[in-house]
Amino acid sequence: MKNLCSALLAITLVTLSACGSAPPTQFAEFAKLGTALTDSTPPLLDAAFAEAVSADSIVLSQARSTLVSPEERLDMLEKSSTLLRDRLTIYADLTRHSRLLRSYFVTLGLLADTSGDSKIGDGAKGIVDQLSALHPKLENAMVGDFAVADFVKAAAPVAVGAFRSVALQRELEARADAITKELDLQQAVLTAIAEQMRSDIGLRLQKQNRERIEMPFIDVGDLPSDWTERRVNSLKTPITLTAVEAAAAASENLRVSFIALSEGGAAGGSLSQLLQDVSTVVSLVETLKKSPQP
Amino acid sequence: MTPTEIRRATLVQLRAAREDMMSTRWMLKLRTATQQEKDDHARTLVKVQHAILELENKKLTEIRDALAANEEDISEGIDELKKSLKKIEKIEKAIKAVGQFLQLVGKVAKLVATA
């Protein structure tokens, strides 16, 4: 009985030390959303690169239409290609980095996942059952008003959950600054890409509008039969831009949620907003994968 | 103004210049321009485009380098989290092993009692 009391005391101490930190379930939710957001980054980088090449090609084609010197044309093309190759290298590094961050979120999610802890409780109860077969008195042993068998079954998952909380808290204390910095930088990447895409897509749409809407309108003759439909489509925001802007907003919320979690406060509000943002990003990216643009 | 702010403002101006130089109004003006004017326009447009690409690359490179500098911390975090996960796995295994051992002891005890 003395050993049992010591074990109960240990469980209580671990549980108490876990108090004051955010519950593992919130970390699990945060990690799940972080994983989903990092999964969305590579397709967005692919889309951003496609838009950058498209914008560059539009500019080069325009220059080509007036410049006649073959050397000059070749110099322009070569310089553009070199700069775009450099861009591709940067994007490849960013993709590789987002995989590393994904691994972090996945591991964090596994540690915060309490769904399998009830099995540990069942296992602990199994031990008491075995012990009671050896020593029948144990089956009816009581701690206060609680039967030992039931208590052990309930206490084991709580103790493991508390261990998870302590481990998560320790991780936060060790790496809160690094992760906050990381999430800041992720947001900076997505914001920079959103700005780039806004400009590149704008250029593509400008050309498209000129050829399909403005020139037929300016020039003499009948307007194409689908001219109004073309205008309707031209006024809609392209899905690539919506996706990257949603991702930039989600990354800001990811940072806010992390700060709330690391400060031990309830991150429920920011997590539910994050869930909405990430769901939007994921569905937009899925649509993007099905119909790549431009 | 910090160098980052200057670069950001320059990028905004360059993107606006590119948009203007590719606008329909500009294209209409080019229709009546001389060949020299058209050539100058083309050269300037491509210079603006290359400057945009260079500045965007510079900005992304800075962020990429900062992220790379953070990689050691992230990897360390993954390792520490994995260690904690292993501890939980050990607890699970220990509980299972103790249960199995006690089951065996129970069987032996029964055999001894019936012998």
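**View 1. Chain A from end to end.** Going along the sequence, chain A runs α-α-α-α-β-β-α-α-α-α, which comes to eight helices and two strands; helices here are DSSP runs of H or I with at least four residues, strands are E runs of at least two, and both are numbered from the N terminus. Keep in mind that this is a predicted model, where local features need pLDDT of at least 70, side-chain atom pairs count only at pLDDT 80 or more, and totals for chains, interfaces and linings use all residues. Residues are numbered from 1 along each chain as its sequence is written, while chains are lettered from A and ligands numbered from 1 in the order in which they are written. Of the 294 residues in chain A, 41% are buried (20 or more other C-beta atoms within 10 Å of a residue's own, with C-beta atoms placed from the backbone). Take the chain A contacts (C-beta atoms, placed from the backbone, within 7 Å) with a separation of 6 or more: 84% of them link residues 24 or more positions apart.

**View 2. H2(A) against H7(A).** The two helix axes, lines fitted to C-alpha atoms over the stretch in contact, come within 9 Å and cross at roughly 150 degrees. With angles between N-to-C directions on a scale from 0 to 180 degrees and anything over 145 counting as roughly antiparallel, H2(A) and H7(A) are therefore roughly antiparallel. Among the residues that meet are A:Leu37, A:Leu44 and A:Ala48 from H2(A) and A:Ala243, A:Ala247 and A:Ala250 from H7(A). By type, this helix contact splits into 14 nonpolar, six polar and one charged (nonpolar: Ala, Val, Leu, Ile, Met, Phe, Trp, Tyr, Cys and Pro; charged: Asp, Glu, Lys and Arg; polar: the others, Gly among them).

**View 3. The largest nonpolar core.** This set of buried Ala, Val, Leu, Ile, Met, Phe, Trp, Tyr and Cys residues, joined through C-beta atoms within 7 Å, has 75 members. H2, H3, H5, H7 (239-262) and H8 (268-290) of chain A, plus H1 (3-21) and H3 (35-114) of chain B, each put in at least two residues. H2(A) gives the largest share, 17 residues. A:Ala250 is one of the residues with the most contacts inside the core; skipping neighbours within four places in sequence, A:Ala250 touches A:Leu37, A:Leu274, A:Asp277, A:Val278 and A:Val281.

**View 4. Where chain A meets chain B.** Chain A brings 55 residues to the contact and chain B brings 48. On the chain A side, H2 (24-64), H3 (70-112), H4 (117-134) and H5 (148-218) each supply at least two residues, and H5(A) has the largest share with 21. That side consists of 30 nonpolar, 13 polar and 12 charged residues.

How values were computed. Contact = placed C-beta atoms within 7 Å. Buried ≥ 20, exposed ≤ 12 C-beta atoms within 10 Å, placed from the backbone. Parallel < 35°, antiparallel > 145°, perpendicular 65-115°, else oblique.
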